[in-house]
Structure formats: C-alpha cells, structure tokens
Amino acid sequence: MQTQVNESLARSFGLSAQEYNQMLAIMGRIPSFTELGVFSVMWSEHCSYKSSRVWLKQLPTKAPWVIHGPGENAGVVDIGDGLAAIFKMESHNHPSFIEPYQGAATGVGGILRDVFTMGARPIANLNALRFGSPDHPKTKRVVDGVVRGVGGYGNCVGVPTVGGEVNFHPSYDGNPLVNAMTVGIARKDRIFLSAAAGIGNPVVYVGSKTGRDGIHGATMASTEFTADSEDKRPTVQVGDPFTEKLLIEACLELMATDAIVAIQDMGAAGLTSSAVEMAGKGGVGIELDLDQVPARETGMSAYEFMLSESQERMLMVLRPDREQLARDIFQKWDLDFAIIGHITETGHIVVRHHGVTEVGIPLAPLNDQAPLYTRPTVDTPKQERLNPARVEDRLGLSRALEKLVGCPDLCSRAWVWDQYDSTVGGQTVKRPGAADAAVVKLEGLKRALALTTDCTPRYCLADPETGGAQAVAEAWRNLTAVGARPLAITDNMNFGNPEKPEIMGQFAAAIRGMAAACEALDFPVVSGNVSLYNETEGKGILPTPTIGGLGVLEDAASAVGLALPPWLDIVVIGATVGWLGQSLWLREVHGREDGAPPPVDLAAEKTNGDFVRTHILNGTIRACHDVSDGGILVALAEMAMASGIGARLWTHPRDIPGHAFWFGEDQARYLVAVPDHANFTRIAEAAGIPAVRLGTSGGQDLTLPDGGTISIAALREAHNRFFPAWMNDGTKKDTP
Amino acid sequence: MKAGIVIFPGINRERDMTIALQSSFGAAPHMIWHKDTGLPDGIDLVVIPGGFSFGDYLRCGAMAAHSPIMRAVAEHAAKGGYVLGVCNGFQILTESGVLPGALLRNASLRFLSMDCHLKVERADTAFTRQYHTGQTFRSILAHGDGNYFADDATLDRLEHDNLVAFRYATRTGTIAPEANLNGSARSIAGIFSPNLRVLGLMPHPEDLVDPLMGGTDGKPLFDALAAA
C-alpha cells in the first residue's frame, strides 16, 4: 500500500517544483514515499538552511581559542586548564506556540543533547523568551506553559538554569520565541564528533523507543502559521527529562572509554538527519535495518520510523570490539541499546524494513545539491534621528522611573526565575538577577564561565544592521560587566518569511551588523541556529537575532555583581548624548516606537569595555551594570533594588535635556561603583575613556537631581508587581 | 564518620552533596548504587540526595522507595545508623516509611527555587550541634513538592516529642505564613526520627557551604556530622 509519489505530493511535503525535479535527477527514478520523506526534511529550511547559508558565511568564526566552529553539533572553545566549553542556542518557536509546555521542554532537551553528544557534561542552561502582548488573550497561557516547560525539563535533568531574558511585544502574539542555550564542559582532548568512519562498524541506537510523535516537525518549522496551525499539535514531540538524565550519564560513562567512533543526537528529522549527516560527513555509506529499531508502538511504517522526532535518542558508530562494553553501560541505566545497521563503502543511505529496501539514496548529492537560495533583499528604510529637545519630558524623573521599572519589559523576572532550579550542581556564583551575566564556576577549579543572552528586537526592526551589531555588543558588554573575558557567541536568528524581500533584507543586514561587531570585538560565532517563517497570517515577528555569549574568568572570586554597595561613588563610563530614538522611555511614556536606534560605536565598545574589565579585575570596581533598556536611571535603580542601598545623584550635564540624559539608551556604557571617583576618573580620562561621576551610594532612597526622592522600597514594590498580579498567582515571596 | 551517597536513577544533587561532605569530612563519600542490596562496610552515614528519582512521574520518591537498597537503608536506620535525606531524599524517606508524613505539591502549585530561612528547633542532635536552638540560618529551596503534610495526631506527636528539626521562618526568625513558602503544615521544613539519627528536610544546606556560592550557612550541619 504505497502512495504514488508525484510533484503534487512533493509540494504538499514542502518541496518546490524545482526541488522535486532536482530530486528526480539525483535518483534517476521516481523515489519511494519514504525517500520523498527523506528529501523533504533534509531539504527543508530547518535542516538545509537554504535561504540563510549564503549570508551566514559572512560571520567571523575563527580565533585562536576556537576549537570547533559552526558545522558540528555545537561550538567548542578553549577555556584554559585543558578544558573546552561546548555551547549552542537553538529555537523551538513553532512547537512552543502549538503546545507551550512540551514545545519549550523539548527545546531544552534538544539543545542539551547537542552539547553532551560532543562529550560535555552540561553545566548551565539559559533561555531567551519573547512573548506577545500581555493584553493578548493567549499570551498568559503561552507564558505559563513555556516557563513550566523550561523548568520542568531543566530542573529534572539537574542542569541549573542560570540566565536568559523575557520580553513582550505584540509582534510575537502568534509566534512566541523560545531560544534555549546549553553550555557544557569537556576535556579539550576528548571532544566527540559526528563524522562516521570504519567500514563495517556497527551503527547503534540508544535512548528512548521510537514512536509516532513529531513526525515532520522540521517541515512544520519551515512554514508560516495559519489559523488552523493548532491542529498541528501531533507534530510536537513529548519530552522525558528522566530518560535524558539517564542518557547523559550513560553517554558520559561510555565517552570515558575508547568505544565511540562517532555520535550524534536524533533531533529535527530524527533518524533521517542523524544517519544522513553522520555518513555524509564521514564520506561513507550507511545501511539501516528498521526491524531492529526499538519501537514504542506496533505497525509503524518505514516512513514513520525515519521521520519520527521522538525525543531522547542518540545514534552512535562504535568500535566493533567495544559493543559489549557499551551494551553493559546502557543496560545498567535501563536504556534501550540496539545495533540497527553498519557503515558501508557505498556512499548511499540504504534502509530496509521487513526485508524490503525502502530507501536507497546517494548521500553526496543529497547533501551537496541541497537547495541554496540567494533570495532577493530589500533594505529597511532608515529612520530619522530623534531630537531629544523636541520630545516633551512628560512625567518628570521619578514618575517616569517608577513607570519604567514596573513595565512588562523591565519589571522583575523573579516570578520566572523562581521556577527554575538555578543552584543544582553547587557551582552557581551569580544567580539570575545578581549580575549582568550568570557566573558558573568549574567544579574543583577557580576558573568560571560567564554566560548571557541578548537582543534588542525593536532596534533590529528600526535598523537591522545596527540592531545586529548592538545584540553582539550588548552580549560582550554583559560578560565584561562581571569581569569576564568574552570568548565567543552562538546565534539564534529568528525572522519572518524569507521569501519576502523585506524580511530577507532584515536578515542580511542583521548579519552584516553582527559580523562587524564580532570582528571588532574578537568575538567569533561558533554555533547557531536559524528559525524562519515566524509569521502568522502574514504578520512577521520583530527581527530577533538572539546572541548567546560566553566568557571566562580565571578566578570566580573576582566576578562582580550589580548590587550597589553603600558609600561608594557612582560613575558612568562611556559617552552620553541622550539618545531617545527607540528607547523604552519613549515607548512607555509617549507610546511611541520610532526614531533611529542608538548607534553602535564598536571602537568605543572595545576600549570602554577593556577599561572596565581591567578595573574590575584589579579590585577598583565593586559593582558594575551595563546601561541598556531604560538608560542610566533604570540601570541605577536596578543596582539599588538589588542591594537595598540607595543613592544621591548630582545634576546632569547642562547641554543635554534631563530626561534624555537619564533615560537615553546610548551604547557602550557601564555604571560602576568605585571608592575614589577622583582617582578613577583621572585614570579614565588619561586613557581617553569618558567617565562622569553621577553621585554617591548610601541610605534607603534614590534622591534624584531634580529634588525628587523615591524610596527603594517603593521602587521594589513597582518592580515586583507585574508578573504575580498578571499571572494571578498567590506565590509568596520572602524578600531577602 | 564514613559517609555514603545513594544514587537512584534521576538523582541530580549528588555532586553538590559530595562537595559538602568532602569539605567537612575530608574524605570523598562512597557512591552506593540503588540496585545494591547492602551498604558498603563501615558506613556510618547514609545520604539520599535531591533530584527526580525515576523522574518522579509517580508520587515523588514512590518508585525509589522500592529500590533494593532501601531495605538496607531502613535496616541501617533501625540499628541506629545516621541517615540524611534532602529534598527528594526526604520524600523517599517518607515514602518508605522511615519518617512519617508526606510531601505534597507546593501550595502555589509551582516549582520554587529561592532562598529561604530556617529556624533551628533543637541543637542537641548530631545534625544540628553546631547551630544553636532558635537560631535562623539561610538555605536554598528547589522543589515542586515540598509541602509537608501529616495528620494532626502525627503533627502533635512530632511536636510533643520535639522531633521537628527546622521550620520556615523570616530572616529574623519569625514563624509566619509569608515565610512558609511551600505551605507546609506548621511551617515544618525538616523532621527527625525518634532516636534523632535520621533527618529529612526539603531545603539544600549542601548548596551553601562556600562563600563564593553566596554563603556558608549550610556548613555547620556537615561539620557537626563529621564530628559526631
């Protein structure tokens, strides 16, 4: 009972007419139904990056500390002490809208596997979440499900969730973004790769059994949503974090031996993509017998086996003399272990089921002739610079500040963090909210990693090139603000429909900006993920190139947080012109989202950041916070709320309107607390770094330069109100 | 004092516990696999750490309570050996009947990961000797099911026999509803067995034994055990 393959069937599988003909040319015959399935997922946007590859090539990927850049399951960088950090960020946007809990949970599970498949023990998770307007009827349900899903999976596997971001915007009403990042640690001489080798070597399947869940998830992730998209729920997978935990322990135990030749997780497009990629990278062939695949249900077809996205599964090529050793380890952990095939010299993927050959595809053309599009682009029109003197200071400082610290994009995220285990592992030096980047120590060593995720999508919409550069610069700045040396990034490109020239134009420009920032800051891209077609009913999301940044501290004890200590001088590092275009002040006070976003001066980013890091590490700077959304005054309020210590502020420079000085979002700036401002600013000025004393810390109020006073208690009250009230949650919080 | 940590599949705070035990005991604890039927020779203290044993897809700790090793743990406790169960470990001890009561879903119905403060109810035990009675110390919560429950008769007996180890309190030591984060009966965070040799508690003292991680409020518990 085989369905006849033809062009119209291929189109319903997401292949274009041209791609269908290309497939016929490769096969030299009409492919089988299962073969069509293999082509359609391997050539889907999700797996082939057919619209984005030409642009991604522009990103800098090299540095002396980069061990493996893009192309492997995750990026690998040398962090010293003979160790490597392995990390990547990946989206699970489409599934998270359809089924928020499982979509988010399996997003966490998938990115964990990408990291431990390379031999790393995962030590930290982060996640960047973007939701629709809080007023939209679906947003609350999506937020609740996604947060529970992220926590449900991460808490159970025992990897601390240490950081991330949460933002709201109506453009995400029908397309929330769930970008999950995992960081792991391995010995740098024990990195496992996916290229298969060794003719005759066994191909081994381990982990959960295969069921009918998630079939064609990769294809779903490669189309726009319509009103009936929620009917696609069966394409979403179901996560089992307990099995994942066992899989981590069993794989790491096996990885301590010499049994593994190659290993890859089964992620999007399941068995198909892992088998095709492993054999393809190794330049060998692979033969699979589906009768050997552990199945959760009976009567599954070859097509279903090959396309299933059941979670918590891995594919390995083993040394033949180590089969028993490997089997014993997986049995100890009560996990399935099955030899389902072997490596061949044919250069083909051959799949048999019930004795019938269901798939016989040459791998080289399947990979090399995958579609590649240079889609047309249109530049985003530039917006004019907003003159701050012509925007009315409508609320004054203290009322505007109270409004800003309480707005959904700036209010306390404690309601979210408090549902994520951030301390398991016993190495979390800076928990969520304690510093600009999370700091996680390496067990048994002084060394620590600093981790952050960043993007300002409203800047990216107004000017994608500036926004792309800003996202990279802010990640670099957040790592710097704890005292870390930034090493590398992973990028998660979330955009709308690439077939629209204005969307492809956003993508191309964002890449240009990111590339310039990576180059200038010596901060290469080592892994990443692209999620396109984030549109519902033709309405696209804000362009969102999320950046996950990783840096290193030689001594965890030298990390600083943002909590303001008493009786210190507060100094802003970096030039302030009072840039109000695209600022949150403009949006929250005037209801306007316009003007050019703040320009990113990459040379200033570098010199200002290097200066700040030097003075954190030499002990001069006691607390540090980068100035971003909401400008100086919001940054200062966040520092004060973190410690409960207030400050008295001086007047601002006369040549800038007060509201622009205190709420403008000029880039490349840091607020620092130092004991002796005179000496500090003199050193800064000698180095050509703008440094202005803003005031002195102490007391329990923020005394503003216009004479207004606001207590830290009142600020906290405003800051903590939104989430619990909005979610109608009775959670009690003991304020520390 | 020789310590061993029981490893059930899905346990995930064994590394934290190892660090805490090692820093106080000077020696690394033994790792004991749940399928083992006996404890290694000479073990004085059995620790059941936190995590999600068997995924906790059934009631938390219910599956682990039936693992082969639990018979040996119960015998060890019956003979007067020391047992410490933290978080999932506390749940496993109640599920296996070593300690009374049960841990229900948090009253908020959400996972809670945050600092809490614990009031020491008695300082004359092997676990609490380096605190003093009435002292409040900081600890970390990380659980979805930490809402201690028992019938009134059991709670009355626990209080009458002075077997409550810790209660949730404000930073200044007041027992109050707003400090009882998970909704536990009578703010109970941990309890002793009648012979004071078994302690089960929900918060994680093992995660605050190093100033770098935010404090050392949990260290006296392990120091006291090392000296017992």
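This is a predicted model. Over all chains, the rule counts 59 salt bridges.

Start by selecting Lys332(A) and Glu253(A). Their side chains form a salt bridge, 3.3 Å from N to O. Lys332(A) sits in helix H13 (residues 323-332) of chain A and Glu253(A) in helix H10 (residues 241-255), so the pair ties together parts 79 residues apart in sequence. Lys332(A) is partly exposed at 31% relative accessibility; Glu253(A) is partly exposed too, at 28%.

Next, select Arg447(A) and Glu554(A). Here the closest N and O atoms of the salt bridge are 3.9 Å apart. Both ends lie in loops: Arg447(A) between strands E15 (438-441) and E16 (448-454), Glu554(A) between strands E21 (544-553) and E22 (569-573) of chain A. Arg447(A) is buried at 11%, whereas Glu554(A) is exposed at 57%.

Now go to Asp626(A) and Arg477(A). Their salt bridge has its closest N and O atoms 3.2 Å apart. It links strand E23 (residues 623-626) to helix H18 (residues 464-480) of chain A, 149 residues apart. Are these two residues buried or exposed? Asp626(A) is buried at 2%, and Arg477(A) is buried at 0%.

Switch to chain B. Select Glu121, Asp152, Asp156, Glu159, Arg167 and Arg186 of chain B: salt bridges with shared partners join them into one network.

Finish at the interface. There, 35 residues of chain B contact 42 of chain A. The buried area is about 3200 Å², 53% of it from carbon and sulfur atoms. Five salt bridges cross this interface. Zoom in on Glu443(A) and Arg15(B), a salt bridge at 3.2 Å.

How values were computed. Residues numbered from 1 in each chain as written. Chains lettered and ligands numbered in written order. Predicted model: local features only at pLDDT ≥ 70, side-chain atom pairs only at ≥ 80, totals over all residues. Heavy atoms only, no water. Contact = heavy atoms within 4.5 Å. Buried area = accessible area lost by both parts, 1.4 Å probe. Salt bridge = Lys/Arg side-chain N within 4 Å of Asp/Glu carboxyl O. Helix = DSSP H or I, 4+ residues; strand = E, 2+ residues; numbered from the N terminus. Buried < 20%, exposed > 50% of the residue type's maximum accessible area, 1.4 Å probe, protein only.
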